[in-house]
Amino acid sequence: MVPNGWKRVPIKEVCHSIIDCVNKTAPVVDYETPYKMIRTSNVRNGKINTLDVRYVTKETYEQWTRRGAPLKGDVILTREAPVGEVGLLENAEGIFLGQRLMMYRANKKIADNYFLFYSLSSAFCQKQIEDYSNGGTVAHMRVPDCGEILVNLPPLSEQNKIAQILSTWDQAISATEKLLENSQRQKHALMQELLMKKTRLFDDNGNRFSTEWRSISLNQICEFIKDGTHGTHVRYESGVPMLSATNITKDGRIDFKDVPFISEEDYLKIHSKYQISKGDILLSVVGTIGRVAVVKEDCKFTLQRSVAILRPKKNICVEFIEQVLSTPYFRSVLHRRSNSTAQAGVYLGELNKLNINLPELLEQKKIAEVLALADKQTAIIKTNVKKLKQEKKALMQQLLTGKKRVKVAA
C-alpha cells in the first residue's frame with residue numbers, strides 16, 4: 001500500500017536515462033589525466049570517491065562514454081562486488097563508469113535525483129536488489145533488472161522536500177565525521193609528541209619530567225607473554241567463550257558477538273597455569289596483526305592462538321603500554337617481524353624481544369591520562385556519528401514510505 005497521491009512504479013519509468021557501463025575493462029594509463037574511471041570500490045556508504053581512481057586517455061574516455069557521460073547529480077549503483085551500494089555524483093567532471101556499475105538520471109519533470117538516491121538506499125529498494133541478485137555463485141544483478149526496481153513516488157514537490165530534509169541530515173553527519181577525523185589526527189599527533197619525548201609533561205609538583213627513558217624489551221616488563229591455544233577443541237553453543245583476533249576491534253574493545261564456546265574441561269586444560277584477569281593486555285598476532293585491548297574486568301574466557309596475552313608487572317602502567325602498542329609505529333614493527341606465510345603471524349619469541357621506550361612510572365601514568373582523555377573525546381564524537389546515522393535511517397523509513405508526510409507549499 002502507498003499513501004494517497006503516491007504511486008509505486010519501476011524506476012525506469014521515472015528516469016530520463018539508465019546507462020550501463022561498457023562491459024570490458026578500459027585500458028588505463030600510469031599517469032594522471034583529466035579522465036577518471038570509477039569502480040565499484042569507489043561507491044561506499046552513500047558516497048562516491050572520485051580521488052582514488054584510475055586514469056585513461058581522452059580517446060578511451062570518449063569511447064567509454066558514447067552512451068552518455070555522467071553528470072553532476074547522477075545516481076550510481078553497484079551491480080556486483082558488492083551489490084547494492086549507492087552513491088550520488090557531486091562532481092562528474094571527467095568521470096566515467098568502470099565495470100559492474102549502473103547510472104540513473106531522473107526525468108526532472110516527474111522525479112528528483114536526490115529522492116531516487118535515497119530511495120535506492122532505502123530498505124524497501126535494497127530488499128528488491130538483494131532478491132534480484134540471489135541465485136548465482138557470486139551475487140550479481142542483471143542489467144535489465146536494474147530498471148525494474150520499484151520505487152514509492154510522491155508528487156515532485158514532496159520528493160524535493162523529502163530529499164532536502166534527508167540531505168540536511170547528511171550534511172550534519174558529514175560535519176560530525178570531519179570532527180571525528182580531526183580528533184583522530186590530533187590523537188595521533190599527541191601520541192607522536194608524548195611517546196617520542198618531543199614534549200614532556202609535568203609531575204605533581206609542577207616540574208617538567210627530565211629523567212631519561214630506557215629502552216627495554218617487552219618480556220622484561222611483563223610477568224609473562226603467551227598466546228592462545230594451538231589445539232583444536234569441540235565447539236558448543238554455550239560454555240567458555242574462545243576469542244580470536246576478529247574479536248579485538250579497531251577501537252580497542254573486546255567483542256563477544258558470535259564468539260564460539262568450548263567446554264569447561266578443555267578450558268581447564270588450557271589455563272592450568274594462568275587465567276586471564278583484569279589488566280591483562282590482548283594483542284592480535286595472527287591474521288589481523290596489531291589490534292590491542294585491555295581486559296577491563298575479570299571475565300572467564302580463553303583465546304585462540306591468533307591473540308597473545310601480555311601481563312605487565314606491578315610497577316608498569318598498563319594503560320601506558322596499551323597506548324604504545326596501539327601506535328602505527330609499533331604495528332609496523334609487528335608486520336615487519338611477522339612470518340611470510342599465507343596467514344601472517346608474529347612468533348612469541350619475536351614479540352618478547354621487541355623494545356619500547358619506557359619513562360618512570362609517574363610519567364607513564366601522566367602520559368596515559370592525557371591520551372586516555374583524547375580517546376574519550378574521540379569516542380564521544382564517534383557515538384554522535386553513530387546516533388545521527390541511526391536517526392537518519394529511522395527518518396528515511398518514515399519519509400520514504402509515507403508514514404510521515406511532509407508539508408509542501410501549495
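Within strand 6, Val-56 is the bridge partner of Tyr-35. This is a predicted model, in which local features need pLDDT of at least 70, side-chain atom pairs count only at pLDDT 80 or more, and totals for chains, interfaces and linings use all residues. Residues are numbered from 1 along each chain as its sequence is written, and side-chain values use heavy atoms, leaving out hydrogens and water.

- Strand 3 (residues 35-38) runs antiparallel to strand 6, and three bridges join them.

**Sheet 15-14-18**

- Another open sheet has three strands in the order 15-14-18, again with mixed pairing.
- Its edge strands, strand 15 (261-262) and strand 18 (302-303), each pair on one side only.
- Strand 14 (residues 240-243) and strand 15 run antiparallel and are joined by two bridges; Val-240 has Ile-262 of strand 15 as its bridge partner.

**Around Asn-152**

- Let's visit Asn-152, which lies in strand 11 (residues 150-153).
- Asn-152 has a relative accessible area of 8%, so this residue counts as buried (under 20%, with a 1.4 Å probe and protein chains only).
- Beyond residues up to four places away in sequence, Asn-152 touches (heavy atoms within 4.5 Å) several residues, including Trp-6, Phe-115, Phe-124 and Leu-400.

Terms used. Helices (H or I, at least four residues) and strands (E, at least two) are DSSP runs, numbered from the N terminus. Buried means under 20% relative accessible area, exposed over 50%, partly exposed in between (1.4 Å probe, protein chains only). Two strands pair if DSSP finds at least two bridges between them.
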